[in-house]
Amino acid sequence: MNEGQGAGVAATAATSAPFRPGASVDLEFDTFPKLLKRNAAVRGTRSAMREKDYGIWQSWTWAEVAAEVRAIACGLSVLGLRRGDAVAIIGDNRPRLYWTIAAVQSLGGIPVPMYQDAVADEMKFVLDHAGVRFAVVENQEQVDKLLQVWEDFPQLELVVYDQPRGLRHYRQDFLHDMANVLAAGQKFDSENPSFYDDEVAMGVAGDTAIMLYTSGTTGQPKGVVLTHENIYLTAINAAQQEGLTERDESLAYLPLAWVGDHIFSYAQSYVTGFCVSCPESSDTVLTDLRELGPSYFFAPPPIFENILTTVMIRMEDASALKRKMFSYFMGVARRAGANILDREPVGVVDRLLYWLGGVFVYGPLKNTLGLSRVRICYTAGEAIGPDLFVFYRSIGINMKQLYGSTEASVFITIQPDGEIKPDTVGTPAPGVELKVADDGEVMFRSPGVFKEYFKNPEATAETKTPDGWVHTGDAGLIDEDGHLKIIDRLKDVGRLVDGTLFAPKYIENKLKFFSHIKEVVAFGNQQKFCTVIVNIDLEAVGNWAERGGITYSSYQELAARPQVYDLIQEEIEQMNSELAKEQNLAGSQIHRFLLLHKELDPDDGELTRTRKVRRNFVAEKYSTVIEALYGTADHCQITTEVTFEDGRKGTISADLAIRDVRTVTAGEQLAAE
Amino acid sequence: MTVTEVSAETAAQPNAEPEGDGAPTAAPERVFDEVLLEISGVSLSFGGVVALSDVSFDICKGEIRAIIGPNGAGKSSMLNVINGFYHPQQGTITYKGNVRKKMRPHRAAAEGIARTFQNIALFRGMSTLDNIMTGRLLKMRRGLLWQALYWGPARDEEIVHREFAEHIIDFLEIEAIRKTVVGQLPYGLQKRVELGRALAAEPELLLLDEPMAGMNVEEKEDMSRFIIDVNDEFGTTIALIEHDMSIVMDLSDRVVVLDYGRKIADGTPDQVRANPAVIEAYLGVGHG
């Protein structure tokens, strides 16, 4: 589930939020293959999908997509795919992989998208647990990974690949080129013209539409089973609230295996008919974004943070006049921008200045970012720093937070237009009932609630009550306006030994908002005070170091520089003085910290594939470091194992300095004011 | 019914076996019998310094041929001889059946020999795309005036070549730096762009002078993959100089070893590895 904002644990204002009814299932088009046929009939000549290839945007209309899906489905059926079979789909955002999802659904199979950057060993669990029979993959990289573990999975029968490059000499008879599968499908279709339509007609709303494995911050991943009805209703409810139409545009660039991408880039496109574009490669997303100018955009906070960091770095290198203009108009934007977006009263002078700023700064800036045409811009996945959030809103981008989870088919709450508060995640989406349990846990019930965890009834029973309420595992509260505020993971909210509240996520998020800090892990539960392990942001700190004439040759060297320690220490002290102002959290000020010699990495198991810190794993792996943080030494020795991109392992060792940080007591705080 | 792919090219390779370990490099026991380039009795000296003395070997069509040897062994001189930059005092070079006496580098380029350099030689102020397009220059027929007008046949020609350049960009996975000025790129990427420019000339014989020098492990693996893929997809014959022995042994079909300007061994990686002269040269026993 998602993390959201938090700001102290005050007494709850309410325990449940107001309910708005949502849509009901359209009986004629109750599955996604049926929706595809509808789109091909209703808006057959409109663009459904685009992909940048060979430097040019190639596009497919709904009618063409329907034909491709039909051919893939027939081809897979020729290869032996039957109803109920699980099909792994692995690769970047490629049109054919999205079409494969629809093709598998057409045949009543179960698509199981998997994270494309997982190493072979990590794929084992899902392949085995889902009982995958077929795999449809993007390219040689994925084929190689499957071949590495091939012997372990007798139930895995064949692999279809989209890009034949480099696979010419692979002799295995279970490898199939997608082009051949398509050709065989078309031939079969011309000989059995009613086959595909009959298969699609057999699908019903209650069938499993997709199985998505949650990346699991703790324990093994769980296969969340979502039905066509779950996804259809959630997608259409949110689309109606936001007024999405077939004229919208979006960019599909987040992992296929992530529920958000499935809803934003697949389900909502099928439901409303808007066009989804695939970037040229994962490295070109920002360029493609700029060329495309989507109207509907989604990104987790780290991406917005990266974009802002890049802007700030480039501004620091700009000429003095430009810097002056930027900082002046950003001041105007902070004062007036968000209010103008929310249609609140703003003075004439500020309005005029804001308009000027639009001409000179915000307009060109939004254009550079590719966000000129954005009408709805979601962020979720974790908390977004209030300053970051306000920055985007102030330059006129309608950025909104939402709160959701795989178990909810994404949407639980959305910030409604005109009621945006940086520290809440909004009100329940249509059709969602929301309440806060006595222990502070957020619970919801909606048409999007998952059917079950695949082959895991115990976990299903733990998470979902018999009457359909789902435990989110998040601690939160509902404020007087019915907005949900998330504090932390319920199990992560801890206490210091003196009983002071310790909300690690809250501290980490506050620190991560400093552009020099990329990742933070806070410790303090059952300890005397709080400490943090910090990852610096190589790009931002590197640039800072360059300007200050500090030399370095690697991340490790840069992170060990005393000047960099000074920089981070200053930022932590700044946060401490901010924390001191919040009565519940003043005790959570940081006393000691160190800069880690390597970046936390999903390949080393320290982050999940969606880049969330796996707290317990980190605590265990760096236990010597944590002991030292709570000791008195000013440095500690550590050796860690790292995994290279090709799966090989090596070790790096380092001697890490530990610094004490000044904290602010309540008395000092008063004296300062 | 089946949709298994058996293309004409793959069927033509009788000895390729299924590889269950999932880490296929060049297919084992590839057979090459058509000689593309033959060097015989080549000697080259600069004043009193002997760079090459009586070196003979051949490069077969479709193979990956490595030239190895300690520093100063004459490897780069050998590439320069092949590509027409140096003219040997003795010996002959037979390329595609024609015996060459003297050749200028641009003639070599026109006959299908392209190369990359030990020290990157790109146009640093131009974008990746433009650098790759320069590799197409020899294929463009319209003159300066037509090009400047960018109209009619000149434009059509430009579009054809641009498409070719885009295929190379896609092949080398450098889409993200298509419009980046080359001078700003990290070293590993510049090497890749240089390979792209060489490929743009659609060479039959590609000479790579230390394509992996100064790269980290991951960059080396990427580059090896591209070299194998170039050989595989386009059937380009490749002659490369490289210092990293493990990579040379994995990549190449045959290896020729030079030491002090003389050929001391020639054969498959296994044969070369077992050759006492090579071991001696590399362990430095004879050189004190």
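**Exercise 1. Are helix 8 of chain A and helix 9 of chain A roughly parallel or roughly perpendicular to each other?**

Keep in mind as you work that this is a predicted model.

*Solution.* 

Step 1. Find the two elements: helix 8 of chain A covers residues 228–242, and helix 9 of chain A covers residues 259–272.

Step 2. Look at the geometry. The two axes lie 9 Å apart, and the packing angle is about 80°.

Step 3. Apply the cut-off: angles of 65 to 115 degrees count as roughly perpendicular. The two helices, helix 8 and helix 9 of chain A, are therefore roughly perpendicular to each other.

Step 4. Now see who touches whom. Helix 8 of chain A brings Ile231(A), Tyr232(A), Ala235(A), Ile236(A), Ala238(A) and Ala239(A) to the contact, where they meet His262(A), Ile263(A), Ala267(A), Gln268(A), Val271(A) and Thr272(A) of helix 9 of chain A. Sorted by class, this contact of helix 8 with helix 9 of chain A holds nine nonpolar and three polar residues, and no charged ones.

**Exercise 2. Carry out the analysis for helix 7 and helix 8 of chain B, and describe the residues in their contact.**

*Solution.* 

Step 1. Helix 7 of chain B spans residues 187–200 and helix 8 of chain B spans residues 217–234; their axes come within 11 Å and cross at roughly 10°.

Step 2. Angles under 35 degrees count as roughly parallel, and helix 7 and helix 8 of chain B are therefore roughly parallel to each other.

Step 3. From helix 7 of chain B, the contact takes in Gly188(B), Lys191(B), Arg192(B), Leu195(B) and Leu199(B); from helix 8 of chain B come Glu219(B), Asp222(B), Met223(B), Phe226(B), Val230(B) and Phe234(B).

Step 4. Divide the residues of this contact between helix 7 and helix 8 of chain B by class, and you get six nonpolar, one polar and four charged.

**Exercise 3. How many residues of strand 14 of chain A are buried, and which strands does strand 14 pair with?**

*Solution.* 

Step 1. Strand 14 of chain A runs over residues 399–405, and seven of its seven residues are buried.

Step 2. Check each face of strand 14 of chain A. Met399(A), Gln401(A), Tyr403(A) and Ser405(A) are buried on one side, while Lys400(A), Leu402(A) and Gly404(A) are buried on the other.

Step 3. Take the parallel neighbour. Strand 13 (residues 376–379) of chain A is joined to strand 14 of chain A by three bridges, and Thr379(A) has Gln401(A) in strand 14 as its bridge partner. Between strand 13 and strand 14 of chain A, the chain passes through helix 14 (residues 386–394), making a right-handed β-α-β crossover.

Step 4. Take the antiparallel neighbour. Four bridges link strand 14 of chain A with strand 15 (residues 410–414) of chain A, and Ser405(A) is opposite Val410(A) of strand 15. The hairpin of strand 14 and strand 15 of chain A has four residues between the strands, and Ser409(A) has a positive phi near 55° there.

Step 5. Leu388(A), Phe389(A), Phe391(A), Tyr392(A), Arg393(A) and Ser394(A) are buried in helix 14 of chain A. The buried residues of helix 14 of chain A pack against helix 11 (301–316), helix 12 (320–341), helix 13 (348–369) and strand 14. After helix 14 of chain A comes Gly396(A), with a positive phi near 95°.

Methods
Residues are numbered from 1 along each chain as its sequence is written. Chains are lettered from A and ligands numbered from 1 in the order in which they are written. This is a predicted model: local features need pLDDT of at least 70, side-chain atom pairs count only at pLDDT 80 or more; totals for chains, interfaces and linings use all residues. Side-chain values use heavy atoms; hydrogens and water are left out. Axes are lines fitted to C-alpha atoms, for helices over the stretch in contact, and angles run from 0 to 180 degrees between N-to-C directions. Angles under 35 degrees count as roughly parallel, over 145 as roughly antiparallel, 65 to 115 as roughly perpendicular and the rest as oblique. Contact means heavy atoms within 4.5 Å. Ala, Val, Leu, Ile, Met, Phe, Trp, Tyr, Cys and Pro count as nonpolar, Asp, Glu, Lys and Arg as charged, and the others, Gly among them, as polar. Buried means under 20% relative accessible area, exposed over 50%, partly exposed in between (1.4 Å probe, protein chains only). Two strands pair if DSSP finds at least two bridges between them. A crossover is right-handed if, with the strands pointing away from the viewer, the path from the first strand over the helix to the second runs clockwise.
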